[in-house]
Amino acid sequence: MTNTANKPTVLIVGAGLRGLMLGALLEKSGVPYTIFERATTVKHLGSAMSIGPTLLPIFQQMGIYDDILVAGKYMTHVETFNEALDTVRKNDYRPIEEFTGYGHYIIARPVYYDIILKLVPAHKIHFGKRVLSVTEKDDKVTVHLSTGESHEGDIVVGADGAYSAIRERLYEQLKGKGELPEEDMEDLPFSCYCLIGQTKVLDPEEFPIVKEPICQFRGIMGTEKPFTWGVMTTSQNTICWSNIQYLQQSTSKAAMAKKKMQDNETTEWGSDPAQAMCDETRDFPVQLDDGKKRTMGDLYDLTPKELISKVALEEKVFKTWYHGRIVLMGDACHKLNPSGGH
């Protein structure tokens, strides 16, 4: 048994990929921790992720390298097309593999999440626990939850996403002391929307692209339209897809909410915006190697509606990542556009 007497107790807020990764690493190190998640259940949303030399060595240390390789689909190229479906360029990732010794794999985000989730004992994740406040006293820090509970530890880690409650609480404290940098007071900006999803399991005879042993990663650039879209095949015989809309100018959710209130429009963020973007982009062409004239609408129709989501792709690196016994990680302190990849 690992001796935890002299090890700090870590309170992790957020059971997303970053929070789970940290929990898994602490579990392996024998450091006591608890994870609090405001959602009541896991939502299997998202498209696919590219995993390569930046992460695979860590997964070897964590003992899930083989699991990732089995669940992922080996990728050698990313092919870009114009809207007429003519190849514009083909990026070859094999030289990176030769240099590092690690390949690139495409894995469906929900599958990846489940692999990480298995590394964290279920009793250490508490769902439906929204943080109301954080207090520090006598070399300890306490999180106070909406359920009326309070939990004490040595360190609080805010891994709760772009609109982090922990960051908000931390910044409120620093702002009250006059210690928060001006740039950290600004709204979180974005200039892109992204529609994402994953089809149901497809029949390889009807969709031969999923039979290819190597992942078919294909992106299409819109002609005279502010969109790019693409597909990625998975080992589960599904197609993960995304559709990115580029806005004419940067905005923020706060600015949008203010404008909608002025226009007497709803500010609710639900399934309607995703459906509207699906309707707008249904006719965008894709190449699926079956000899048929396919569009993104075909993929939308093959995707369970509850697995389609529309998200804003915020971009901001905050200056303040920690203070006292509170530290931020992941999107809570550096929210980057996923197009940046590795």
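**Salt bridges and a pocket lining in the predicted model**

The structure holds 15 salt bridges, and the model in which they are found is a predicted one. One of the salt bridges joins Glu27 to Lys124, with the closest N and O atoms lying 2.9 Å apart. Glu27 belongs to helix H1 (residues 17-29), whereas Lys124 sits in the loop between helix H5 (109-117) and strand S8 (125-127), so this pair ties together parts of the chain that are 97 residues apart in sequence. The two partners fall into separate classes of accessibility: Glu27, at 30% relative accessibility, counts as partly exposed, while Lys124, at 18%, counts as buried because the value is under the 20% limit for that class.

A further salt bridge is formed between the side chains of Asp92 and Arg94, where the N to O distance is 2.9 Å. Asp92 is partly exposed, with a relative accessible area of 34%, and Arg94 is likewise partly exposed, with a relative accessible area of 43%. Asp290 and Arg294 also form a salt bridge, in which the closest N and O atoms are 2.7 Å apart; in this case both Asp290 and Arg294 are buried.

With regard to annotated regions, the unreviewed UniProt entry assigns the annotation "domain: FAD-binding" to residues 9-183. Glu27 and Lys124, together with the elements in which they lie, have positions within the annotated range of residues 9-183.

Open space in the model was also examined. The second largest pocket contains about 410 Å³ of space. It is lined by 17 residues, and those closest to its centre are Arg167, Asp184, Met185, Glu186 and Asp187. Two elements, helix H6 (165-176) and helix H7 (253-262), each give two or more residues to the lining of this pocket, and H6 gives the most, with 5 residues. By residue class, the lining of the second largest pocket divides into 7 nonpolar, 2 polar and 8 charged residues. Among the residues closest to the pocket centre, Arg167, Asp184, Glu186 and Asp187 count as charged, whereas Met185 counts as nonpolar. Helix H6, which spans residues 165-176, falls within the range that the UniProt entry annotates as "domain: FAD-binding", residues 9-183.

Note on methods. Residues numbered from 1 in each chain as written. Predicted model: local features only at pLDDT ≥ 70, side-chain atom pairs only at ≥ 80, totals over all residues. Heavy atoms only, no water. UniProt positions renumbered as here; feature names shortened; annotations may be inferred. 1 Å grid on protein atoms, 1.4 Å probe; cavity = no way out; pocket = protein on both sides within 12 Å on 5 of 7 lines; lining within 4 Å. Points joined across faces, edges and corners; volume = space filled by probe spheres on them. Helix = DSSP H or I, 4+ residues; strand = E, 2+ residues; numbered from the N terminus. Salt bridge = Lys/Arg side-chain N within 4 Å of Asp/Glu carboxyl O. Buried < 20%, exposed > 50% of the residue type's maximum accessible area, 1.4 Å probe, protein only.
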